[in-house]
Amino acid sequence: MKFFSVHRTFLFLLSVLVVFLFYGNSSPLVDQDEAAYAGFSRSMMETGDYLTMDFPYSTPHRKPPLHFWITSFLFQIFGPTEWVLRMFPALCILGTSLLTYHLTNVMYGHRTALYAFSILSFSLYFPLNGKIALVDSLLVFFSMLGFVSLYHWILSNKIRFVFLFWLSVSLGLLVKGPPILIFLGGTCVLLLSINQIRFRVWKLNPFLWLPVSLTPLLLWGYFSWQKDNGVLIRWMLDWYIFRRATDPVFGQSGPPGTYLMLFVITLFPWTRIYLSFLNEYGWKLFAYLKTGGLKLFKNLLLWNWKGIDSHFTPKRFLLIGLGFSWIFYECLASKLPSYPLSAYPILAIILGDQLSRKHNQIYMFRLYLTVALIMIAVFSFIILPKFSELRIDTKKTAASIQNLIPPNETLHSFGGLGIPSFAYYYHRPIQEITWEEIQTTKGYLLVTESDFLLWKGLGLGWETIGEPFSIFAYDRNKKLNLRLVKTKEN
C-alpha cells in the first residue's frame with residue numbers, strides 16, 4: 001500500500017486547509033464589510049437589542065441578522081476578538097469543502113472527490129472567504145447543504161433530506177435574503193424539466209414548506225418593522241432587490257460573461273481544467289442547440305412543459321445547478337465577486353470529474369496541487385501578514401484619539417470618512433453629522449484635512465487637537481489625512 005493513498009492524501013490536505021483557515025486570524029479588521037459586521041454583532045451583545053443594526057459608517061452593510069446573532073453569541077462566550085469573529089465563517093468554508101467532498105464521493109468515487117476537494121479548497125479565491133468574516137461564507141454553506149440534500153432526496157426518497165433542504169432555505173434566507181431562494185428554487189424549477197424525476201421534485205411540497213421556511217425571516221421582519229416603523233425593511237428591499245436588479249452597486253458592474261472570465265483567475269492554478277471544461281461543453285451546447293435545443297427552450301418559455309426524456313445523471317444535476325448559481329448573475333447589472341460563490345463547489349465537482357477522465361490525471365493533479373500549496377503558503381506567510389500591516393493604521397489612530405478625548409464625550413464625524421474599523425476600535429460614541437449641522441455642532445470633530453482647511457478659510461472657530469492622522473483606506477486605494485478638532489467656546 002502506498003503511503004499517500006487517496007484517503008491519507010485527503011486527510012493531509014484537510015489538515016492543511018484547517019491550518020490555513022484558522023492561522024493568523026487575529027489580524028486587524030478588514031473594511032468595509034467585516035468591520036461593519038463586527039460592529040453590529042458587538043453592539044447587539046452590549047445592548048441586548050438584536051433587532052437594531054446601528055453602527056457608524058455601516059448603513060450600506062445591513063443585512064438579515066443570522067450572521068450577527070451567531071457572532072454576538074460567540075462574542076459573549078469567547079470575547080469580542082478578531083479571531084472569534086472569523087471562527088464561524090472559517091468553519092462554514094471548511095464545512096462547504098467537506099460537503100463538496102461528500103457529494104463528489106457519492107457521485108463519482110473517492111479519487112474524484114479528492115480532486116474536487118483540492119480544486120475548491122486550494123484555489124485562489126474560495127478559501128480566502130474563510131479568512132474574513134463575511135455573510136457569504138454562511139450563505140454558501142447553507143446553499144451547498146441544500147444542494148446536497150436535494151440530490152440525496154432525488155436518489156433515496158428519505159424524508160430527512162426534505163427537512164434538511166427546507167432548513168437550509170430557511171437559514172439561508174436569514175443570512176442574506178433572496179440569493180439562496182434564487183439558487184435552490186431556480187434549480188428545482190429547472191429539474192422539473194426532466195420527466196424521470198419531476199414527481200420527486202414536486203414531493204418537496206413547496207406550497208407547504210416554502211411558507212414554513214419563510215416564517216423565521218418574516219417574524220424577524222415583523223418585529224423589526226414594529227421597532228422602527230419599517231425603516232430597515234423598506235431600505236433592504238430597495239437596496240438589495242430593486243436597485244441591484246437594474247443598477248451597479250458600489251460602482252462594480254460588468255457585461256454578461258464577466259464571471260466566465262473571472263473564473264479563469266479565481267480558479268488558479270486549476271485554470272487549465274476549467275478551460276478544458278468550457279471547450280468540451282461549449283461544443284456540446286452548440287451541437288445540442290443545432291439538434292433541437294432551441295425548440296425545448298421555446299417550449300419552456302411558453303410554459304409548454306413536455307420535459308426531457310433523458311435519464312437523470314449526476315452531470316446533468318450539476319450543470320443545472322450552475323444555472324442559478326452562476327448564469328443568472330451574468331444577467332444582472334451589478335457584478336460583485338461574491339455573487340456566484342455557490343457556483344464554486346459545483347464547478348469544483350465538474351472540474352474534478354474533468355480531471356479524472358484525463359489519461360495523465362495523477363501527474364496533472366500533483367503538478368497543480370504543488371503550485372496550489374505553494375500559493376497557500378505564500379498567502380499565509382507573506383501576502384496576508386503584509387496586508388495586515390496596512391490595516392494597523394486605523395487601530396493606532398483609534399487608540400490615539402481615545403487618549404485625546406474625554407471618555408464621556410461624543411466624537412462627531414464629517415466628510416464621508418466611511419471607516420467602520422476605526423469605529424470598532426474606537427469603541428466610543430460616534431455621531432455622523434451633515435453639512436448643515438457642522439456649524440452648530442459643539443465638541444470634538446474628526447474631519448479630513450481638506451475639509452479642515454476649507455472651514456478654517458471660512459472663519460469657523462476650530463481648535464486643533466494633536467497632530468494630523470494618516471490612515472490608508474485600502475478599500476479606496478488612497479491615504480486619508482484626518483484632523484481632530486474642537487469647537488471654540490463663544
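Before the strands, one term: two strands pair if DSSP finds at least two bridges between them, and strands here are DSSP runs of E with at least two residues, while helices are runs of H or I with at least four, both numbered from the N terminus. What we have is a predicted model, in which local features need pLDDT of at least 70, side-chain atom pairs count only at pLDDT 80 or more, and totals for chains, interfaces and linings use all residues. Residues are numbered from 1 along each chain as its sequence is written, and side-chain values use heavy atoms, with hydrogens and water left out.

S6 covers residues 478–487 and runs antiparallel to S3, with five bridges joining the two. S3 also pairs with strand S1, residues 411–413, in the parallel sense over three bridges, and there Tyr444 of S3 is the bridge partner of Leu411.

Turning to the helices, the axes of H6, residues 135–156, and H8, residues 179–191, come within 9 Å and cross at roughly 20°, where axes are lines fitted to C-alpha atoms over the stretch in contact and angles run from 0 to 180 degrees between N-to-C directions. H6 is therefore roughly parallel to H8, the term for angles under 35 degrees. Residues in contact, meaning heavy atoms within 4.5 Å, include Phe142 and Phe147 of H6 and Phe183 and Leu184 of H8.

Terms used. Angles under 35 degrees count as roughly parallel, over 145 as roughly antiparallel, 65 to 115 as roughly perpendicular and the rest as oblique.
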